[in-house]
There are 2 protein chains.
Amino acid sequence: MAVSLFLFEEHWARLERSLREIRITGVDMDRLRRRMMETLQAGPFREAMVYIQITRGAGATRAHPFPTKAAPLELLWAQELINPYEEDRRHGIGVFLQPDLRWGRCDIKSTNLLANVLAHQAAREAGCGEAVFYLEDGTITEASHSSFFGVLDGLIRTTPNNPGILPGCTRGLVFQLAARLRLSIEERSLHRDDLPRISELFVTGTTSEVCPVVRVDGKPIADGKPGPVVRRLQEAYREVVAKFLQGH
Amino acid sequence: MAVSLFLFEEHWARLERSLREIRITGVDMDRLRRRMMETLQAGPFREAMVYIQITRGAGATRAHPFPTKAAPLELLWAQELINPYEEDRRHGIGVFLQPDLRWGRCDIKSTNLLANVLAHQAAREAGCGEAVFYLEDGTITEASHSSFFGVLDGLIRTTPNNPGILPGCTRGLVFQLAARLRLSIEERSLHRDDLPRISELFVTGTTSEVCPVVRVDGKPIADGKPGPVVRRLQEAYREVVAKFLQGH
């Protein structure tokens, strides 16, 4: 059975880039890719998700310098896709604003996620689906495990790629979807002060896909329902996935 | 054999506080303490160091919310004290200035240390013993695994405790040593621009103890040799340790 992976090149390139930035060397990426494909082919999956985590390897002592003779440790698993976000995509979620206390290299996908986890948990306890981060000056960056978008004056806006946000693979796809739908989109940060004038908000991620945001800190955005832009993007997303599945 | 731990109350209080801030609950601290003592008593140690790491426990899936039924995982080990810093304490080390890209809660002792590790490794590769962090405005915070002190106009200065630095246990002891020696000390940050006027620099840590800094980015501080203030503090530190060992 042939196995194909949605947005594979994008995810793989980001993994390679993150390894480079963290300076983990000696990973045989071709072998890792083969092992991933073997794992996927071995399992009885209908639709699978793959998780890969790579460490610098075991050091001789607990110390800050890189271990000198360590071989990278590769962890890879595949599982049937659990998609807990279907209801969220239908009805939209509330988000909880949190100060962005994360480190300065959030463009690196790593496990250095304590700030994300604490903020996300606080959001859940406030009855929200996601935490959205803002800088000291009120500029919104992204969500705890999603990219963040808003529609203001008919224009879709999202934070420009920079060391403070993760270059989301689904975020990248949204630009293609918007182009196909002839929707105006711009890499330009939103600010907390923009919220009263926002007509739509949404977050994107690998498993959350394109998910409407209908409340911020308990207050409804516009009429508190998913708007036409996010609905069109969701539809276009499903079409791209359907086409991808047909082609393989 | 009786076992006693240097600065135990300070380290234990910081561990408890970090658990609280990270919101890891359900750790039986009395049992953990007993196990630590048993481990130390079981081993043939002359002078041991103990490392403790606690996680929130294993979740059912990889997700940002706290796992609901996980029990904290406690890792504890003891080993004969390796002290690789004796030469450094005698001759002093060079430090390498690095932008402080760490997260906003460095007052929590956690394993969220990727920024520290990358900066420390860069320092080692530049032939230095430590990396010292500065904020965008040039304010110096601390070192990658040590607290940072300088002597300016006869006054010992160090960064005030705040969410951006770890409240070092040895850092705390330095205030007591300074008081005993009638040296003036103040919680007041140093700035990169202060460096040309600095007469002495030093870093402190649990294993590095009190270690002179004699070069910054390759340039000597004062005459490039450990100065009288750091020598007096080192001596006072050894006296406190000797007294502690006698008393047990």
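The centres of domain 1 of chain A and domain 2 of chain A, taken over C-alpha atoms, are 27 Å apart. Domain 1 covers 8-80 and domain 2 covers 86-245 of chain A, with bounds from an automatic or database domain assignment. This is a predicted model, in which local features need pLDDT of at least 70, side-chain atom pairs count only at pLDDT 80 or more, and totals for chains, interfaces and linings use all residues. Residues are numbered from 1 along each chain as its sequence is written.

**Contact and buried area**
- Nine residues from domain 1 of chain A and eleven residues from domain 2 of chain A take part in the contact (heavy atoms within 4.5 Å).
- About 910 Å² is buried between domain 1 of chain A and domain 2 of chain A, and carbon and sulfur atoms give 57% of that area; buried area is the accessible area (1.4 Å probe) that two parts lose on being put together, summed over both.
- Of the area that domain 1 of chain A buries against domain 2 of chain A, 49% comes from His11(A), Arg14(A) and Arg17(A), more than from any other three residues.

**Salt bridges**
- Two salt bridges cross the interface of domain 1 of chain A and domain 2 of chain A (a side-chain nitrogen of Lys or Arg within 4 Å of a carboxyl oxygen of Asp or Glu).
- Glu21(A) and Arg105(A) form a salt bridge, with their closest N and O atoms 2.9 Å apart.

**Elements on the domain 1 side**
- α1 (8-22) and β1 (48-55) of chain A each supply at least two residues of the side of domain 1 that touches domain 2; helices (H or I, at least four residues) and strands (E, at least two) are DSSP runs, numbered from the N terminus.
- α1(A) gives the largest share of that side, seven residues.

Notes: Chains lettered and ligands numbered in written order. Heavy atoms only, no water.
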